[in-house]
Amino acid sequence: MTAFPAHAQHLDCLQANLALLADRHHGTGTHTRLGAVPHHPPRPLDDGPLAGLLTVEPTLDQQLADAAALLGLDVTDRRRSGPGEVPDTAGGPLYVVADAYHLPWVPYHGTKHVEHSFLVDDDGGGDTLLISDGYHNDTQWGRARPARLPYGREEFATLLKALPDGAETVRFTPRPLGAPPEPGHVPAPPPEYLPGYAEHPDRRAALEAFTLETWLLARARRLHAVYREERRGAGLPEPVREHLQRWDALVEHAYLAFRRVDRSRAEPPGLFERAAEALAQDAVAFGAGAAVREVVASVLQIDEAALGDRDLTVHPEFNSIRMVEVVEILEDRFAVEFDPADLVPENLQSVAGLCALLHRALDHE
């Protein structure tokens, strides 16, 4: 039986079981490919007291598109079942999305309405089904940990009858995976993203939602770091490690602010200034600078820590052939074409010069 994803603590409640399926079909560790794309561009909230604010929480449609693009899982059937309707589990596991408020094995049961996923499969015992849920999180209502739960078919039907809106069921067909994708660029959110939450008059609703935003952003960055680490075959650079700690502190600050306001206490200051700093530092930890250092170290076959921003000509491994190789890899990875006027040795012989070159090319895209 496939082990639960090793990095479940970096996955949200819809990703966790897409990851479990990917590892089952394509091998342990496949799920880290979800870290290739740090997060989707923020989208407007459709309804509720915060309608119009931007959120990084992906829709189910976006998650399924990621499963196809990154995990080799193509949707072959997707339907909404009515309350009490037991889906056909023949032919492999089904991916199910339902309201966690009605799922007794998660801490949101009876406390919070939120989309949650799980897998359901025949257990080989005729009347027994097996529910698998790879979700890992600590909540104010208790801990969620990966679990496998046997359910009789009648017991499962009773569970589904408690779902007023039924459940969405998705069947996937795996296809062969290609080469691992290159790590994507960590996009900066639009300028209106943070002010929307910072200035919204409903402070309780805004801070509750922003707590989820920071949680999603931090998890995405940790998974992105894992993916980059695996691609490099080396440990996390210290700037990245420090940046992830910065995001963890932001999540704690956001949760503290929400709980204080939820109890009619004063809102602690500095939250959105800290969020702006964390978002700005993404470019340092994961952006052009990180990509340039990674590419140069790989081409020269030396440790990143030895690079700094100094003149690359001090390294005996660096020469005109290696310089051109770095330029071509950066153009391919970021899908840009450098301005011919910029392609002079003075711009190509230091990490700082290459970073400036890449930033100019990205700004013109």
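Contact here means heavy atoms within 4.5 Å. Axes are lines fitted to C-alpha atoms, for helices over the stretch in contact, and angles run from 0 to 180 degrees between N-to-C directions. This is a predicted model, where local features need pLDDT of at least 70, side-chain atom pairs count only at pLDDT 80 or more, and totals for chains, interfaces and linings use all residues. Residues are numbered from 1 along each chain as its sequence is written, and side-chain values use heavy atoms, with hydrogens and water left out.

View 1. Helices (H or I, at least four residues) and strands (E, at least two) are DSSP runs, numbered from the N terminus.

**View 2. Six strands form an open, antiparallel sheet.** The order is β3-β10-β4-β5-β6-β9. Two strands pair if DSSP finds at least two bridges between them. The edge strands, β3 (73-81) and β9 (147-152), each pair on one side only. On average, neighbouring strands are turned by 30° against each other, direction ignored.

**View 3. Strand β6 meets β9.** Six bridges join β6 (residues 128-133) to β9, and the two run antiparallel. Thr128 stands opposite Gly152 in β9.

**View 4. The largest nonpolar core has 72 residues.** Such a core is a set of buried Ala, Val, Leu, Ile, Met, Phe, Trp, Tyr and Cys residues joined through side-chain atoms within 4.5 Å. Buried means under 20% relative accessible area, exposed over 50%, partly exposed in between (1.4 Å probe, protein chains only). Tyr95, Phe118, Phe156, Phe172, Tyr193 and Phe210 have the most contacts inside this core. Helix α5 (residues 203-232) gives the most to the core, with eleven residues. Leaving out residues up to four places away in sequence, Phe210 touches Tyr193, Leu194, Tyr197, Ala254, Leu271, Phe272 and Ala275. A second, separate core of 26 residues includes Val326, Val336, Leu354 and Leu357.

**View 5. Ser264 and Gln301 each have a positive phi.** Most residues other than glycine have a negative phi. Ser264 has a phi of about 60°. This serine is found in the loop between α6 (238-262) and α7 (271-286). Ser264 counts as exposed because its relative accessibility is 69%. Phi of Gln301 is near 55°. Gln301 lies in the loop between α8 (288-300) and α9 (320-334). Gln301 is exposed, with a relative accessible area of 72%.
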